[in-house]
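Dear colleague,

I am handing over the structure below, and after it I have set out what was found. Please read the notes with the model open beside them.

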Amino acid sequence: MKFTTQVIAALFATAAISSAAHAGALDQFKSFVAGTKSAKGEFTQQQLTKSKSGKVAPVSSGSFVFARPGKFIWTYQKPYQQLLQADGDTLYIYDKDLNQVSTRKLGNALGSSPAAILFGSNDLEKNFTLSEAGERDGAEWLTAVPKTKDTTFEQIGIGLKGGVPVAMELKDQFGQVSLLKFTSFQRNPALGAQQFKFEVPKGADVVSQ
């Protein structure tokens, strides 16, 4: 299953890591949001629940880079190649197989989507109700419930370790659950001024949504 626009746009502190490692999920999360203006790393994406046909989608993997607010590059490398990129104003979705680029205005689309947790503004408690969810799989978890009903996702779980997100668990309104795991997470790397400027691939069709 491809990482749909609902996950990106409809959906990753300067406190010392030594102290963050022993803090609860909520404290770690607030420190991460306050102190992380940009980041990059790698991810895997897995659907935990079966589709109506009884099939489970293959695990996807790739890389990401973001700069708050609203700038990111999310690249799928396996099992297919797809690019989602935003420059703060516009979201570009490039399907290499179709050689097609779809565009849409970001506007307030990040709002209460999972993407806001990584790519949005620092005012997350305006859009989410946050609560501790205990320890699981070596990480401290918190639950984020969107305050608005106009969202694809019913609940978002965020697992943190050492002051950075290591996983996100997304539950949609139909009971489908997807798990994202983050590795090689680097906070506040040096990024080029033109890092998020999208260049339309040669010969690609461009469709506005």
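The largest nonpolar core has 38 residues, and among them F29, F66, W74, I156 and F182 touch the most other members; a nonpolar core is here a set of buried Ala, Val, Leu, Ile, Met, Phe, Trp, Tyr and Cys residues joined through side-chain atoms within 4.5 Å. A second, separate core holds 10 residues, including V65, L83, Y94 and F198. Buried residues make up 46% of the 209 residues in the protein, where buried means under 20% relative accessible area, exposed over 50%, and partly exposed in between (1.4 Å probe, protein chains only).

Please keep in mind that this is a predicted model, in which local features need pLDDT of at least 70 and side-chain atom pairs count only at pLDDT 80 or more, while totals for chains, interfaces and linings use all residues. Residues are numbered from 1 along each chain as its sequence is written, and side-chain values use heavy atoms, with hydrogens and water left out.

The protein contains 4 helices and 12 strands, which are DSSP runs numbered from the N terminus (helices: H or I, at least four residues; strands: E, at least two).

There are 3 salt bridges in the structure, a salt bridge being a side-chain nitrogen of Lys or Arg within 4 Å of a carboxyl oxygen of Asp or Glu. In one of them E125 pairs with K30, the closest N and O atoms being 4.0 Å apart; because E125 lies in the loop between α4 (115-119) and β7 and K30 in helix α3 (residues 25-35), the pair ties together parts that are 95 residues apart in sequence. R136 forms a salt bridge with E169, with 3.6 Å between the closest N and O atoms, and since R136 belongs to strand β7 and E169 to strand β10 (residues 164-172), this pair ties together parts 33 residues apart in sequence. The side chains of E154 and K171 also meet in a salt bridge (3.6 Å, N to O), linking strand β9 (residues 153-161) with strand β10 across 17 residues.

Some details of the backbone may also deserve a look. A cis peptide bond, with omega about -10 degrees, joins R68 and P69, and P69 lies in the loop between β2 (60-67) and β3 (71-78). The peptide bond from K78 to P79 is cis, with omega near 0 degrees, and P79 is placed in the loop between β3 and β4 (82-87).

With best regards
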